[in-house]
Amino acid sequence: MSMQAWVIGNWKQNPATNHDVNALLDDLLTAVNTEEQVVKNSCRLMVAPSCIHLAAVSARLKDTSVLCAAQDISAHSANTGAYTGDCSAQQVADAGATWTILGHSERRQYHQETHESLLQKLTHALTQNLGVVFCIGETQAQYDDKQTLAVIDTQLSVVKDLLAQQPELAASLSERLIIAYEPVWAIGTGKVPTVAEVSAMHRHIKQTVTGFAESLEAMTVLYGGSVNADNADSFAADPMIDGALVGGASLKADSFLMIANAFSRALG
């Protein structure tokens, strides 16, 4: 396991109001700052609010240890353009985000994100000095058909293509790119793969990216998919699992920090 774990909260299209965003941040920052919540330096925390809350959230997190990410960026342009409804990498970076999530299964499903659009997004993010949390994972049908490895390899080939276009990125990419393995059938369903299954998948992902460039051997790989306060300890105990991308459990500060503490303890 790397010396540092990452626990990232993907708020998705939540909360509904600024009032509720601030209440969540109050709880989170109070807990992070109190003695009993020892989220040591071994566990980095990050939250990804929706775009409309990004500036306010990042302003409140500015002098804290909690990082702020966008949930997506435009594929069309890294900065500006005639792309109604899109927010660019430059715009979200200017709003205070230092990372962005890309390729989440909900984006792939509802917005038909393609290999090409994800390659463009990845390129734009890195151009604007945003780190990227790149999500991959198979659907229930693909899992049932034993297609998981083929699906994962196809999704990871975006990284391979990025390096083919810009080989000079290889040296720093393991610090600027995090892979999040999220089996689609486990997201928000309560169905959870075994730790052994996840561990084997993470090993495969690490071996695959190391095949693209040896410097990617240090790649951080997170697990996402119904991670909660009850199962976090078992995931944290596995050396192949470098942290968690958390959905629903990140909308309550206590459950989010219980997950972070599980990973801190495992490293402690």
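Here is a short tour, stop by stop.

Before you click, know that this is a predicted model, where local features need pLDDT of at least 70, side-chain atom pairs count only at pLDDT 80 or more, and totals for chains, interfaces and linings use all residues. Residues are numbered from 1 along each chain as its sequence is written, and side-chain values use heavy atoms, with hydrogens and water left out.

**Stop 1: the annotated pair**

Select His104 and Glu182, which UniProt, in an unreviewed entry, marks as "active site"; such annotations may be inferred rather than shown by experiment.

Now zoom in on His104, in the loop between strand S4 (99-102) and helix H4. (Helices are DSSP runs of H or I with at least four residues, strands are runs of E with at least two, and both are numbered from the N terminus.) Is His104 buried or exposed? His104 is buried, at 4% relative accessible area; buried means under 20%, exposed over 50% and partly exposed in between, using a 1.4 Å probe and protein chains only. Leaving out neighbours within four places in sequence, show its contacts Asn10, Lys12, Cys135, Glu182 and Ile187, where contact means heavy atoms within 4.5 Å.

Hop over to Glu182, in the loop between S6 and H9. Glu182 is buried as well, with a relative accessible area of 6%. Not counting residues up to four places away in sequence, Glu182 touches His104 and Cys135, and also Gly224, Gly225 and Leu245, among others.

**Stop 2: aromatic rings**

The structure holds four aromatic pairs. (Rings of Phe, Tyr and Trp, using the six-membered ring of Trp, pair if their centres lie within 6.5 Å; planes under 30 degrees apart are stacked, over 60 edge-to-face, and the rest tilted.) Select Tyr143 and Trp185: their ring centres are 4.5 Å apart with planes at 40°, so this pair is tilted. Tyr143 sits in helix H6 (residues 140-144) and Trp185 in the loop between strand S6 (177-181) and helix H9 (195-212), so the pair ties together parts 42 residues apart in sequence. Tyr143 is partly exposed at 28% relative accessibility, while Trp185 is buried at 10%.

Next, pick Tyr181, Tyr223 and Phe235, a cluster linked by ring pairs.
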